[in-house]
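Here is a friendly walk through one protein chain. Take a look at the sequence and the 3D view, then read on.

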Amino acid sequence: MKVKDRLSLQFTLMFAVLLCVVLAGIYYLVGQNRQESFYTKLDDRALIMGELYLAQDNMSQESFKKVIEKYPQVLSHEIVRIYDANFKPAFIKEDSVSWSKDIIQQVIEKRKIHFSRGEQQISGLYYEDNSGNFVVIASAIDDAGYQNMKRMAWIMFFSFLASLIITFLLGRIFATIALQPISRIINNVKIIRATSLNQRLAVSRYRNDEINQLSTTINNLLEHLEQSFEAQRSFITYASHELRTPLTSILGNAEITLKNEREKEEYKTVLQSIVKESEKLNQLINSLLELAQANIDTNEPEVISLDEILWEVVDEWDGKPGQVKVEYNLPSEKARYTIQGNRRLLFIAISNVLKNAIKFSGDKEVYCSLNCNNNEAIIAIKDSGIGIDKSETENIFKPFYRAPNAAGHEGSGIGLSLADKIIRLHNGTIHINSVLNEGTTISICFPNQ
């Protein structure tokens with residue numbers, strides 16, 4: 001069963017229970033009102049009968065005439081009996097209907113009683129007169145009232161059925177409208193393939209909306225999948241080529257050296273070359289492992305304070321005391337610059353950015369800052385080094401890419417690519433602003449929690 005059908009049925013069921021309770025309550029109250037109203041009519045009939053038979057000598061001719069006018073207005077199946085103080089019937093003969101002494105005694109004690117037998121309602125009235133005290137008992141069946149109640153029950157039944165049908169149809173319409181965002185998400189996810197993992201679902205400005213949270217969760221999943229696929233492509237496309245270069249150099253030097261006897265100094269030179277290439281190879285392998293590790297989130301996320309991690313990074317790489325200047329402009333709420341994530345990976349990401357800034361700045365100062373605005377916590381690392389041409393900045397985060405003017409500096413071209421992956425893994429973004437021969441500013445932004 002589809003979700004919209006299930007939601008429609010659930011909504012209809014809840015409405016049916018509520019409507020049933022309301023209609024039952026209305027039916028009960030109307031029934032009680034019918035009963036009380038008919039008892040009032042019976043009281044009037046008992047009083048009229050008492051006045052007709054007993055109060056003629058105490059009433060004016062005009063008043064008695066009004067009583068006579070009311071007398072023909074009998075009730076359905078009406079039966080009236082009058083008893084004296086000795087429980088004997090008076091004025092009206094008893095036939096098949098008579099009342100016990102217990103009932104008559106209750107009327108004398110309570111002055112007025114109401115009770116029912118089946119559909120028959122009975123009213124007993126104690127009537128005081130100058131010729132003696134009497135008990136008048138009137139009974140009747142409210143045929144018109146019962147017919148109205150039956151008619152109302154059928155109206156309620158058909159109204160109930162019609163309301164359920166209308167509610168189900170309206171429920172389907174509203175469920176369809178409510179589930180449209182999910183249908184759009186499903187259609188958008190269907191077209192995403194391994195070759196288009198860079199696509200993302202649209203996210204609205206309402207952060208606490210459940211559909212928005214679903215889209216964000218799927219986007220985070222796509223981000224992880226994209227990074228995993230990129231890691232595979234990086235190993236396949238780049239790793240084999242980059243690993244082959246130092247290995248070829250090592251094997252070539254070793255083979256050439258072994259062909260002929262060499263002087264001691266020549267052996268030393270070759271061995272130094274092999275050691276240097278081996279170090280490059282080791283550094284490259286470590287970088288590749290870090291690049292792969294950035295896509296394997298095996299650790300539980302922990303709370304990370306950005307001011308603490310930045311201080312640790314600066315302390316690690318500030319080889320020349322005072323070369324790295326740090327500035328904090330933080331609000332009083334620590335939660336605004338606290339994130340959840342993998343501390344080791346985040347340390348690697350910020351370290352790579354700072355290490356590049358120090359490497360390309362030479363002996364010039366490097367400035368680090370941590371600021372917060374309404375939406376983000378921002379780590380900015382600024383150097384005064386060689387800078388990057390604007391046409392090259394869009395490629396700087398690609399694995400193994402190195403700008404043309406970086407040829408004179410050591411490196412594998414993995415650092416910034418690794419940093420970008422780790423920052424994105426933590427739902428952050430990284431931006432670069434660089435001017436050739438003037439310097440580079442890299443901003444790492446994390447959304448406020």
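## Starting from strand E8

Strand E8 is mostly covered, with 5 of its 7 residues buried. Buried here means under 20% relative accessible area, exposed means over 50%, and partly exposed is in between (1.4 Å probe, protein chains only). Helices (H or I, at least four residues) and strands (E, at least two) are DSSP runs, numbered from the N terminus.

A quick word on the source: this is a predicted model, where local features need pLDDT of at least 70, side-chain atom pairs count only at pLDDT 80 or more, and totals for chains, interfaces and linings use all residues. Residues are numbered from 1 along each chain as its sequence is written, and side-chain values use heavy atoms, with hydrogens and water left out.

What does E8 pair with? Strand E6 (residues 324-329) joins E8 in the parallel sense over 6 bridges, while E8 and E9 pair in the antiparallel sense, also over 6 bridges. Two strands count as paired if DSSP finds at least two bridges between them. E8 and E9 make a hairpin, with 3 residues between them.

| Residue | Partner | Strand of the partner |
|---|---|---|
| Asn-329 | Asn-371 | E8 |
| Cys-372 | Ala-377 | E9 |

In soluble globular proteins, nonpolar side chains tend to be buried together. The largest core has 39 residues, and Leu-306, Ile-350, Leu-354 and Ile-381 have the most contacts inside it. Two or more residues each come from helix H7 (306-317), helix H8 (343-361), strand E8 (366-372), strand E9 (376-383), helix H9 (415-425) and strand E11 (439-447). H8 gives the largest share of this core, 9 residues.

Contact means heavy atoms within 4.5 Å.

There is also a second, separate core of 16 residues, and Ala-46, Leu-75, Ile-82 and Leu-125 are among them.

Back in helix H8 sits Lys-359, which counts as partly exposed at 30% relative accessibility. Lys-359 and Asp-383 are 24 residues apart in sequence, and their C-alpha atoms are 9.6 Å apart in space.

Now move to another part of the chain. Four strands form an open antiparallel sheet in the order E1-E4-E3-E2. Its edge strands, each pairing on one side only, are E1 (79-83) and E2 (112-117). Neighbouring strands of this sheet are turned by 20° against each other on average, direction ignored. Helix H3 (residues 101-110) packs on the sheet and touches E1, E2, E3 and E4, its direction making about 145° with that of E2. For these angles, axes are lines fitted to C-alpha atoms, for helices over the stretch in contact, and values run from 0 to 180 degrees between N-to-C directions.

Within the sheet, E3 (residues 120-129) and E4 (residues 132-141) pair in the antiparallel sense over 10 bridges.

Which residues of H3 are buried? They are Ile-103, Ile-104, Val-107 and Ile-108. These residues cover an arc of only 140° around the axis, so they sit on the same side of H3. The arc is that of the directions from the helix axis to the C-beta atoms. On the face turned away from the buried side, H3 carries the exposed residues Lys-101, Asp-102, Glu-109 and Lys-110. Just after H3, Arg-111 takes a positive phi of about 70°.

## A buried aspartate

Asp-142 lies in the loop between E4 and helix H4 (143-190). Is Asp-142 buried or exposed? Asp-142 is buried, with a relative accessible area of 9%. Its side chain makes a polar contact with the side chain of Arg-34 at 3.1 Å, and the side chain of Asp-142 also reaches the backbone nitrogen of Gly-145 at 3.0 Å. A polar contact is a pair of N or O atoms within 3.5 Å; within protein, one must be able to donate a hydrogen and the other to accept it, and residues adjacent in sequence count only if both atoms are side-chain atoms.

Terms used:
A nonpolar core is a set of buried Ala, Val, Leu, Ile, Met, Phe, Trp, Tyr and Cys residues joined through side-chain atoms within 4.5 Å.
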